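Dear colleague,

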Amino acid sequence: MDDSKLRQINRLDLNAKWEACVDLTVRRLTSSSLVGAFAGLLLFRSPATRWSSVAFGAGVGLGSAYIESSYIFSGPPKLAPVEVSSRSSARGGQP
């Protein structure tokens with residue numbers, strides 16, 4: 001099979017995308033929660049603040065997994081081109 005066709009099939013394979021996103025979410029949630037638990041044990045004495053540290057770590061993991069999953073499904077965001085004024089100069093922008 002042609003290499004470009006193989007890339008197109010992989011790009012359009014929804015099951016592979018879902019599998020990758022679920023795997024990414026589970027891994028990042030687990031690792032970030034463990035890091036939060038370890039940091040909570042080292043830094044905090046109160047059980048409430050330790051659980052807050054675990055919850056913060058889990059939130060960071062879920063957030064990063066969400067961003068990465070959105071890139072998997074739709075690609076990186078499209079940025080508008082930046083227009084540069086012809087009047088800008090090295091003198092601090094004064095006319």
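The secondary structure of the protein consists of three helices and zero strands, where helices (H or I, at least four residues) and strands (E, at least two) are DSSP runs numbered from the N terminus, and the order of the elements from that end is α-α-α. Please bear in mind that this is a predicted model, in which local features need pLDDT of at least 70 and side-chain atom pairs count only at pLDDT 80 or more, while totals for chains, interfaces and linings use all residues. Residues are numbered from 1 along each chain as its sequence is written, and side-chain values use heavy atoms, with hydrogens and water left out.

Of the 95 residues of the protein, 15% count as buried, a word that stands for under 20% relative accessible area, with exposed meaning over 50% and partly exposed in between (1.4 Å probe, protein chains only). Among contacts with a separation of 6 or more, 64% are between residues 24 or more positions apart, a contact being heavy atoms within 4.5 Å.

Helix α2 (residues 14–43) has 30 residues and spans 43 Å from its first C-alpha to its last, close to the 44 Å expected at 1.5 Å a residue, the expected span being 1.5 Å times one less than the number of residues. The buried residues in α2 are K17, C21, L24, S32, S33, G36 and G40.

S32 has a relative accessibility of 17% and therefore counts as buried. A polar atom of the S32 side chain lies 2.9 Å from the backbone oxygen of R28, and, not counting residues up to four places away in sequence, S32 touches G57, A58 and G61.

S53 sits in helix α3 (residues 47–74) and is buried because its relative accessible area is 11%. Leaving aside neighbours within four places in sequence, S53 is in contact with G36, A39, G40 and F44.

L14, W18, V22, V26 and F73 make a nonpolar surface patch of about 490 Å², and α2 gives the largest share of the patch, four residues. F73 lies in helix α3, and F73 counts as partly exposed because its relative accessibility is 33%.

With best wishes

Definitions and conventions. A polar contact is a pair of N or O atoms within 3.5 Å; within protein, one must be able to donate a hydrogen and the other to accept it, and residues adjacent in sequence count only if both atoms are side-chain atoms. Patches are made of residues with over 30% relative accessible area and no salt bridge: like charges are joined within 9 Å, nonpolar side chains (Val, Leu, Ile, Met, Phe, Trp, Tyr) within 5 Å. Accessible areas come from the Shrake-Rupley method with a 1.4 Å probe; for residues, only the protein chains shown count as cover. A salt bridge is a side-chain nitrogen of Lys or Arg within 4 Å of a carboxyl oxygen of Asp or Glu.
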